Structures are given as C-alpha cells and as structure tokens.
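Visitor: I am new to this structure and would like to be guided through it with some care. Could we take it one question at a time?

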Amino acid sequence: MAGRISDEMIEYVSILAKLELSDEERVKAKEDMGRMLAYFDQLDELDTTGVEPMSHLFPVTNVFREDVVTNGDGHRQTLANAPVSRDGGFVVPKTI
C-alpha cells in the first residue's frame with residue numbers, strides 16, 4: 001500500500017499544502033495516502049459497463065428565471081436626483 005508513496009512525494013505534497021509535518025506526521029500521511037490509493041484500486045475493479053458518467057449525484061436543472069424587465073428601469077428618475085450627469089451616468093469627483 002504505502003510502498004507506492006515515496007518520502008519525496010510526501011514532501012512535495014506537504015509543500016503544496018503549505019504544511020510543516022513532523023517525522024511522525026509524515027509516516028502517518030504516507031500510510032493514509034497509501035490507504036486512499038488502495039481504495040481507488042478497489043473502485044477500479046468495479047464493472048461500470050453501461051453506466052452513464054455523471055458530474056453530480058442529483059439531476060442539475062437551471063433554476064434561474066428569464067431576466068425580463070417588468071417595471072421599467074427608472075433611469076431618468078434616478079438621474080434627475082444627480083447634481084451632475086453626463087452621457088446617461090453620474091459625474092463624480094475623480095478618486096485615486
């Protein structure tokens with residue numbers, strides 16, 4: 001199991017994950033990763049002939065409604081309150 005996982009691989013993964021592992025934690029991580037790979041090997045043994053691939057456990061449907069304006073945009077009324085407007089927008093002081 002853990003034979004497929006090298007010390008270099010554990011070091012590389014710990015760097016990627018920004019983890020500082022003690023020697024004891026490295027041994028434990030190596031064992032855990034070995035068990036995970038063994039489980040994947042076990043899953044590879046399953047016959048999935050005729051099983052459709054899926055990306056989600058449940059069917060995914062679009063829950064969004066059509067974006068339709070029903071009450072107008074109020075653009076003119078909004079700009080009527082602006083102290084200064086130009087080209088259909090508010091004019092504001094430059095901010096750096």
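Visitor: Which helix has the lowest mean pLDDT among the elements of the chain?

Guide: This is a predicted model, and the mean pLDDT of its chain is 88, with 97% of the residues reaching 70 or more. Among the elements, helix H1 (residues 7-16) has the highest mean, 94, whereas the lowest, 88, belongs to helix H3 (residues 75-80).

Visitor: Is serine 14 buried or exposed?

Guide: Serine 14 has its place in helix H1, and a polar atom of its side chain lies 2.7 Å from the backbone oxygen of glutamate 11. Leaving aside neighbours within four places in sequence, serine 14 is in contact with Leu19, Leu21 and Arg26. Its relative accessible area is 4%, and because buried means under 20%, serine 14 counts as buried.

Visitor: How many residues apart in sequence are the parts that arginine 26 and glutamate 11 tie together?

Guide: Arginine 26 forms a salt bridge with glutamate 11, and their closest N and O atoms are 2.6 Å apart. Since arginine 26 lies in helix H2 and glutamate 11 in helix H1, the pair ties together parts whose separation in sequence is 15 residues.

Visitor: Where is the partner with which aspartate 41 forms a salt bridge?

Guide: Aspartate 41, which is partly exposed with a relative accessible area of 32%, forms a salt bridge with arginine 4, the closest N and O atoms being 2.7 Å apart. The pair links distant parts of the chain, 37 residues apart, with aspartate 41 in helix H2 and arginine 4 in the segment before H1.

How values were computed:
Residues are numbered from 1 along each chain as its sequence is written. This is a predicted model: local features need pLDDT of at least 70, side-chain atom pairs count only at pLDDT 80 or more; totals for chains, interfaces and linings use all residues. Side-chain values use heavy atoms; hydrogens and water are left out. pLDDT is the predictor's confidence in each residue, from 0 to 100. Helices (H or I, at least four residues) and strands (E, at least two) are DSSP runs, numbered from the N terminus. Buried means under 20% relative accessible area, exposed over 50%, partly exposed in between (1.4 Å probe, protein chains only). A polar contact is a pair of N or O atoms within 3.5 Å; within protein, one must be able to donate a hydrogen and the other to accept it, and residues adjacent in sequence count only if both atoms are side-chain atoms. Contact means heavy atoms within 4.5 Å. A salt bridge is a side-chain nitrogen of Lys or Arg within 4 Å of a carboxyl oxygen of Asp or Glu.
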